[in-house]
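Please look over the model below.

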Amino acid sequence: MRRRRSHVAALAVWAAAALAFWGQTALGQNYGEDCEMTDKGVIECTRTRRIPGSGAGVEAEISVGDGSTTTEYGRGMLMTFRTANCADNPTCRTSVESELTAMGCEGFTYYPSIQAMGAVCYSPAGSTLQAKRNFMSALLNLRATASPFSSASLDSVVSIDPGRDNDPTWSNAGWNRGSWWGRNRRTRTPRTRPPRSGGGLFKPRTPSPTPRPPPPPAPAPPPPAPSPPAPAPAPAPSPSQGNNGPAAPAPSPTPLLEPPSPFVYNWGNDRSNQIVGMDQNRLQCKSGGTDVDIFILDTGCRPDHDEFMGRATTESVTMDNGSKPYGSGRDGHGHGTHCAGTAAGINVGVARDATVRCVKVLSDSGSGQLSHVVAGLNYVGRWKQANPNRMVVVSLSLGAGFTQTINNAVDTLTRLGIPAVVAAGNSNVDASQTSPASSVGAITVGASGKTDQKESFSNWGQVVDIYAPGGGIYSATPDSRSSYTYMSGTSMATPMVAGGVACVLAGAPGRSCTNAALIAKLSNPRVVIEQGGALQKRARPDRPLFYLPPDANVQCP
């Protein structure tokens with residue numbers, strides 16, 4: 001119990017440090033000007049309201065002096081429905097809104113495809129402490145058996161893990177950067193993002209000298225002059241009605257096939273396309289992920305990067321009121337572009353023919369809100385419903401403390417036939433303490449290194465389904481159309497598995513495939529990752545290593 005409490009405390013410190021490090025984020029849902037993200041990572045609202053001399057309900061419980069005004073404290077809330085299809089049923093919605101209004105809630109937001117909703121709930125109180133007690137009582141009421149909700153949570157901060165993803169000094173994975181090969185080999189020069197200032201406990205370390213990819217087996221001629229890029233496809237349209245309107249079918253971009261460049265190398269592709277070792281061959285996935293859409297819910301991406309060859313789009317998540325908190329959806333951080341390149345880049349990716357659809361749910365500082373992620377999941381669900389003949393995969397390289405609401409949202413999405421591949425997290429704790437890694441319906445991915453061992457930072461546990469290379473992964477950045485860098489984390493392992501899932505789905509279009517079948521198709525038959533010692537097998541069972549050979553015709557059974 002003491003150890004579990006220490007892990008929970010560590011996650012709380014992580015969330016607070018992440019918010020302090022990255023700063024404020026754009027508010028989502030139908031929050032008013034009275035609301036802001038606090039340093040505790042939750043949406044908090046304060047307003048002064050005129051109260052009649054006599055009233056009913058919760059307002060009458062608070063002494064307000066002369067009965068003229070009172071200070072009300074509010075919190076952003078997220079709920080998932082216990083009643084089937086309640087978010088689509090006007091009668092059910094009216095009943096729910098009546099119940100919530102009686103509790104002091106307003107600003108209702110609906111996410112129909114994943115059967116969720118949001119609101120801001122106010123409580124008259126003499127102090128913030130008293131308001132918090134009222135909110136705890138309200139949460140217990142919303143979670144009660146007789147409630148129409150299966151879960152209720154505070155809208156809080158979600159982010160990429162600040163401890164590892166921007167740190168190029170990884171364990172079990174680094175190249176010998178002082179070697180002859182590292183100093184003399186011709187390659188595109190990676191452009192590593194400079195370390196961010198501030199950060200407290202999780203301040204990124206200063207990057208080591210620019211790493212170089214390993215040499216090819218034989219000398220290669222200089223790269224040809226780049227050809228003019230193909231025009232980027234129009235993004236899947238966001239309906240002006242917000243999350244409630246239907247999404248019109250979007251045509252898929254025509255992939256421009258081109259052989260991979262010998263000057264851009266990702267060791268993760270090399271390791272996972274064979275049973276043992278590496279041989280400088282990076283090709284994977286016979287089907288190429290053709291006609292599969294990979295949704296990257298992250299910091300956006302740079303769609304005109306050379307890696308995507310006209311197969312990528314990016315846009316901000318669209319809220320229920322039609323607002324786009326992140327503008328055009330362009331990536332100003334780098335995390336989303338890196339993940340998109342790993343999933344489907346022509347040089348460093350797995351599914352080289354898949355369509356990449358980036359949805360920006362995190363700010364350029366790397367953090368956002370659970371409501372933004374829920375809205376992103378809802379958007380993917382609506383897009384699938386409007387395009388039922390398209391195969392869809394969603395990749396989530398982000399996380400927060402355990403939140404049942406986000407887990408339920410992911411589970412609902414998977415029941416629509418959309419595999420959700422999520423990062424286990426980078427805190428070296430049991431992934432069951434985090435979300436969406438602990439979602440039952442998700443494929444949760446841990447990070448391994450070159451020696452086929454669990455990376456020291458990777459979360460672990462029974463909820464982890466598979467491991468993939470996640471240390472020192474070389475992929476695209478948004479700095480320019482030809483820029484690359486190294487990043488480490490389960491965030492990097494996740495899109496690799498998402499690309500593999502796209503390959504399996506492309507091999508059998510129109511078929512549904514269970515998570516167990518997908519994992520079986522993508523597992524190395526001879527190599528497993530030990531998550532712990534012999535005495536820890538129950539809590540840390542061995543898990544398979546990601547495997548996708550270039551000549552295998554993988555498809556759902």
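The notes below take the cores, then the disulfides.

This is a predicted model: local features need pLDDT of at least 70, side-chain atom pairs count only at pLDDT 80 or more, and totals for chains, interfaces and linings use all residues. Residues are numbered from 1 along each chain as its sequence is written, and side-chain values use heavy atoms, leaving out hydrogens and water.

**Cores**

A nonpolar core is a set of buried Ala, Val, Leu, Ile, Met, Phe, Trp, Tyr and Cys residues joined through side-chain atoms within 4.5 Å. Buried means under 20% relative accessible area (1.4 Å probe, protein chains only). The largest such core has 49 residues, and Val497 and Val501 have the most contacts inside it. Helix 9 (490-507) is among the elements that each supply at least two residues. Helix 9 gives the most, with eleven residues. Helices (H or I, at least four residues) and strands (E, at least two) are DSSP runs, numbered from the N terminus. Another core, of 35 residues, lies apart and includes Trp383.

**Disulfides**

A disulfide is a pair of cysteine sulfur atoms within 2.5 Å. The count comes to four, among them these:

| Pair | S to S |
|---|---|
| Cys86, Cys92 | 1.8 Å |
| Cys285, Cys503 | 1.8 Å |
| Cys301, Cys358 | 2.2 Å |

The torsion about the S-S bond of Cys285 and Cys503 is about -120°, so this disulfide is left-handed. The Cys301 and Cys358 link has 105° and is right-handed. The sulfur of Cys339 is 9.3 Å from the closest cysteine sulfur, in Cys358, too far for a bond. Cys339 is buried, at 1% relative accessibility.

Methods: Buried means under 20% relative accessible area, exposed over 50%, partly exposed in between (1.4 Å probe, protein chains only).
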